[in-house]
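Have the structure open as you read.

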Amino acid sequence: MTRTAFRVAAALLALGIFLIDTLTPLEGAVAVLYVVVVLLAARTSRRGDIFVAAVGSLVLTVAAYIDSHGLTHAGSPTLRALVSLSAIGITAALALQNQRATDTLSAQARLLNLSHDMIFVRDQFGVITFWNSAAEEVYGWRSREAVGRVADELLETRYSERRETIEAALLDTGRWDGTLEQRTKVGDTLIVESRWAVQRDQLGRPMGVLETHTDVTDRQAAHAALVQSERRYRRMFDASRIGVVQEDWSGIRAELTALGLSDATALGAHLASHPDFIERARKLTKIIDVNPAFLSMVAAGSSSRFLESVGDILCETDRTFAAALVAFARGDAFHEGETELVGIDGRRVPVLFAITFPGVDDGDGNVLVFVIDNTERKQAQDAVLAAQAELAHAARVATLGELTASIAHEVNQPLMAVVTSGEAGMRWLSRETPDLHEVETAIRRIISEGRRASEIVKRIRAFLKKAPAQQSELSVAAIIEEASQLVQRELARERVELRIEIEPGLPAVMGDRIQLQQVLVNLMVNAGQAMADQAGQRLLSIVAARSAPDSLAVTITDSGPGIAEGDLARLFDPFFTTKQQGMGMGLAICRTTTEAHGGRLWAESALGGGATFQIMLPVWQDGTTP
């Protein structure tokens with residue numbers, strides 16, 4: 001029924017009671033029935049309706065009494081009227097009090113309906129007496145469907161422990177919280193965080209239980225996924241054959257901020273003027289964790305031996321940490337390099353490393369360094385270099401074998417001059433009056449030619465010498481001059497004209513003199529042999545010039561038949577040769593040697609227009625090479 005219906009019913013009932021009380025001869029407390037009018041008005045849940053119904057009933061009761069008995073009569077009708085008035089007043093007071101309590105409960109219920117959590121109230125037998133809006137939305141049952149049902153049966157609740165144990169703890173402490181599994185109306189399983197509170201009466205007896213549930217299904221799923229992901233990555237971390245180090249660079253960030261070194265340029269200048277800062281920064285870089293592969297790499301039994309700083313594992317001659325600092329200040333995501341670590345046993349371990357710096361929002365406490373033990377690669381590289389040195393030595397011997405006639409002629413010239421000068425000196429001494437001035441001149445010529453022969457022999461011995469590469473500052477002009485002297489007789493025998501053009505003021509290069517000589521000798525001998533059967537002009541040109549601020553180029557050009565297009569791509573492959581008696585290693589060694597010096601070697605050719613070989617080498621600038 002609506003409020004209007006209750007109001008109409010109350011008014012009609014009041015009118016009927018009034019008519020019966022005034023028009024019939026009944027001698028009872030008919031006016032007591034006005035209590036029903038007040039109760040009907042209370043069903044509208046409006047305090048005003050209760051007040052109007054009560055006042056109206058009182059007025060009608062008094063009016064009916066006066067109409068029937070007057071104001072002067074006193075007796076049993078008067079007593080009955082007073083009883084009726086008292087009943088109406090008491091009923092109105094109780095109705096107003098009940099309405100006030102109902103309003104309070106309604107306000108509280110509205111607040112509970114505003115909650116995002118599922119809230120319901122049940123009695124001590126588990127029967128639901130209140131069901132909020134969030135419970136309707138999440139579980140799927142409307143309030144009228146849920147109220148009166150047993151909560152555990154409706155929601156198919158599953159507990160993590162025995163229900164009796166939970167109930168006992170609830171009655172003992174008045175509260176309980178835990179995680180439950182429940183089902184919705186459509187059959188979905190929910191994981192909820194549940195909080196229970198007991199409501200007691202004035203005597204302390206439990207009247208009901210307020211249950212508040214928070215749906216954590218998605219949170220639990222996300223947490224489970226996170227745990228699974230962490231386990232997966234931990235397995236990858238521990239099982240990886242690559243060493244992994246987790247470092248904390250937040251101390252370095254704080255130090256750079258305190259010093260105002262917010263960019264790479266400022267940090268580079270600071271490192272140049274304060275080299276001791278690198279050592280301090282190494283100690284500020286804390287090691288958080290290492291994987292078993294890294295422990296094995298440095299011969300450590302446990303990670304506790306390394307939970308200190310990077311300064312404990314980097315060797316004192318390391319030069320890569322400064323570059324890593326600059327990359328960190330510049331905001332690079334990655335930095336790679338090669339260095340040596342110091343193991344627990346003092347052994348130095350050559351390694352390749354890659355540092356991954358986290359993003360700005362991730363902080364600096366999770367810097368990962370991936371480390372690869374480079375020991376075997378270094379040993380293999382040393383073995384390759386040794387084999388290459390052996391092969392290069394054999395190639396030099398083979399090259400010198402081809403120049404045997406030229407060398408014999410070159411050494412024979414000063415020896416014949418020595419003999420001639422000695423014979424002349426003897427003749428001047430055999431005169432009756434020896435001409436000592438001429439004798440002195442002859443002896444000087446002997447000494448000069450002897451030294452010339454000695455220089456030739458030294459040059460050949462140096463070329464053939466089997467010794468490790470010696471890095472030193474070299475003049476390109478001097479290397480070209482010495483190499484051309486070694487092949488001069490061979491080129492003359494093949495009637496090859498040699499032209500050398502060297503740009504004045506060329507900077508020095510860093511390298512091994514004998515190896516660079518071998519490159520030039522091989523290229524010049526090959527050029528001379530390529531032009532041996534040519535009828536026309538045989539011209540070999542060597543040009544050395546600056547090609548860029550940090551490099552110079554040596555260009556060897558011949559006027560021979562050139563290189564076939566099909567051979568050009570394979571020209572530097574080992575064991576590829578166009579000569580009938582060739583080994584196919586000369587040009588391969590030349591390229592490898594050039595690249596070992598930080599340079600490049602390539603060939604260009606137009607068929608019938610000669611071949612051009614270009615050697616590009618980095619220059620030596622202020623004690624450093626590019």
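## A tryptophan to start with

Is Trp-176 buried or exposed? Trp-176 is buried, as its relative accessible area is 10%. Here, buried means under 20% relative accessible area, exposed means over 50%, and partly exposed is anything in between, using a 1.4 Å probe and the protein chains only.

A word on what you're looking at: this is a predicted model, where local features need pLDDT of at least 70, side-chain atom pairs count only at pLDDT 80 or more, and totals for chains, interfaces and linings use all residues. Residues are numbered from 1 along each chain as its sequence is written, and side-chain values use heavy atoms, with hydrogens and water left out.

## Rings that meet

A pair of aromatic rings is described by the distance of the centres and the angle of the planes. For a pair to count, the ring centres of Phe, Tyr or Trp (its six-membered ring) must lie within 6.5 Å; planes under 30 degrees apart are stacked, over 60 are edge-to-face, and the rest are tilted. The structure has 8 such aromatic pairs. One of them joins Trp-176 and Trp-196: the ring centres are 4.9 Å apart and the planes sit at 55°, so this pair is tilted. Trp-176 belongs to strand β3 (residues 175-183) and Trp-196 to strand β4 (residues 189-200), so the pair ties together parts 20 residues apart in sequence. Strands like these are DSSP runs of E with at least two residues, while helices are runs of H or I with at least four, and both are numbered from the N terminus. Trp-196 also counts as buried, at 2% relative accessibility.

## A cluster of four

What do Trp-249, Phe-321, Phe-328 and Phe-357 form? Those four make up one aromatic cluster. Within this group, the rings of Trp-249 and Phe-328 have centres 5.0 Å apart and planes at 55°, so they are tilted. That pair links distant parts of the chain, 79 residues apart: Trp-249 is in the loop between β6 and α10 (250-259), and Phe-328 is in helix α14. Trp-249 is buried at 0% relative accessibility, and Phe-328 is buried at 4%.

## Holes inside

How many cavities of 30 Å³ or more are there? The count is 2. A cavity is a set of points on a 1 Å grid over the protein atoms alone where a 1.4 Å probe fits but cannot get out, and its lining residues have an atom within 4 Å of a point. Grid points are joined across faces, edges and corners, and the volume is the space filled by probe spheres set on the points.

The largest cavity has a volume of about 210 Å³. Its lining holds 18 residues, with Glu-247, Val-310, Leu-314, Phe-353 and Val-369 nearest the centre. Elements giving two or more residues to this lining include β6 (243-248) and α14 (320-330). By class, the lining has 14 nonpolar, 2 polar and 2 charged residues. Nonpolar covers Ala, Val, Leu, Ile, Met, Phe, Trp, Tyr, Cys and Pro; charged covers Asp, Glu, Lys and Arg; polar covers the others, Gly among them.

The second largest cavity comes in at about 100 Å³. Among the residues lining it are Val-476, Leu-516, Thr-594 and Ile-615. Two or more lining residues come from each of α18 (476-493), α19 (513-530) and β17 (611-618). This lining has 9 nonpolar residues, 1 polar and no charged ones.

## Cysteines and a few partly exposed spots

If you're wondering about disulfides (cysteine sulfur pairs within 2.5 Å), the count is 0. Cys-315 is buried at 2% relative accessible area, and Cys-590 is buried at 1%.

Glu-595, in helix α21 (residues 586-596), is partly exposed at 48%. Its C-alpha is 9.7 Å from that of Ile-615, 20 residues away along the chain. Thr-102, in helix α4 (residues 76-114), is partly exposed at 30%.

How values were computed
1 Å grid on protein atoms, 1.4 Å probe; cavity = no way out; pocket = protein on both sides within 12 Å on 5 of 7 lines; lining within 4 Å.
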